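Colleague: I would like to learn how to read the cavities and a helix in a model. Please start with a cavity.

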Amino acid sequence: MTQLSAPSAGMLPGLNTLLSRYAESMMWLARYMERIENLARLIEVTEAFVRGPDGETGWDSIVQINSDESRFQALYPSASGEDVLQFYIIDPANPSSIRAMANAVRENARSVRPLISTEMWMQLNIFTRWILDLKPGDIRQTGLSALCNHIKQDCQTHTGITEGTLYRDQAWLFYLLGRHLERSDQITRLIDIRYHKLLPLDEIGSEIDTTQWVSVLRSAAAYHAFRRLQPVTTTPANVVGFLLKNEGFPRSLALNLRQTADVLAALSTHYNLRKHGYAVQERLAELRATLEDQSSAEIIIRGLHEYMHWIQTQIEAIQNELAAAYWPPVEQPSEPIFTGNNRAGELNHPTL
């Protein structure tokens, strides 16, 4: 472990190496911002388009997509639509709520303040402060669409500012890793739950069935892109194929897995981090091969739910292997470290 005093711009003095804590924070900053935008879109689309067999809004699907059934039932036994909105927008007891994730974004941005641009910092500071100040009255369903649009636009503003101002070094690459892994995970969860929990199996091809598939596309911000390729026909195989395999759609599984592989290759080639990424790259290559070797119809026939679940476990394994490689846990010494210009008791972090 290298001893260091206050690093300049997140780099070791004299070395082109990112601190592990900065790499981790950049990744999670990206993942949480993607998650917030996705959840806001999911809430908006669910209110407008998603209906269960009884004709009621399918709020429970959001709980299922996020695998929060146990936590939600414990906090909200009545499980009403208002409860779901409270749980996912402003409940600090729910780590998957927009409020909790905004707080996580704020803390991760604070920890990488030396790396991110002033424009990024200012926009994130304003956005997260606004989220943290939301009250129950702000999420009444009559104004839900406007609230969700505000959140989505702020997330998209963050994406634009980041693209335009963040310096292209290791910090940028770990930010991209977070974005691509989160999009890969979210698209598989969306397809899995929407396909199996909401679609009326006895009315395939009906107007209701088409509306449900439109909700799947809108939940992924994919409706207009899909219509460019499929202006008339909307079938389960078409929608699943587009969201999983299309290389031109920014949130498709295939594109984000390829971009994840590109980022890992860049880390290996340009930053001499090759030895850390072998396990991740091998797992990623296997995942991409299984996707390329099957058509969307074959995936559905062989078991869409099982395949989506397997992909989610692989993405989780990739995240864990990245953590083990690039920011392994640091053993805390029994006595504080006092070296160089370090403040008394400040522990040093490992480098990549």
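Modeller: α1 gives the largest share of the lining of the second largest cavity, four residues. This is a predicted model, where local features need pLDDT of at least 70, side-chain atom pairs count only at pLDDT 80 or more, and totals for chains, interfaces and linings use all residues. Residues are numbered from 1 along each chain as its sequence is written, and side-chain values use heavy atoms, with hydrogens and water left out.

Colleague: What is a cavity, and which residues line the second largest cavity?

Modeller: On a 1 Å grid over the protein atoms alone, a cavity is a set of points where a 1.4 Å probe fits but cannot get out; lining residues have an atom within 4 Å of a point. Here the lining is Ala-30, Met-33, Glu-34, Glu-37, Cys-155, His-158, Thr-159, Tyr-175 and Arg-179.

Colleague: Which helices each supply at least two residues of that lining?

Modeller: They are α1, α7 and α8. Helices are DSSP runs (H or I, at least four residues), numbered from the N terminus.

Colleague: How is burial read in α7?

Modeller: Buried means under 20% relative accessible area, exposed over 50%, partly exposed in between (1.4 Å probe, protein chains only). In α7, the buried residues include Cys-148, Cys-155, His-158 and Thr-159. Cys-155 has a relative accessibility of 1%.

Methods: On a 1 Å grid over the protein atoms alone, a cavity is a set of points where a 1.4 Å probe fits but cannot get out, and a pocket is an open set with protein on both sides within 12 Å along at least five of seven lines; lining residues have an atom within 4 Å of a point.
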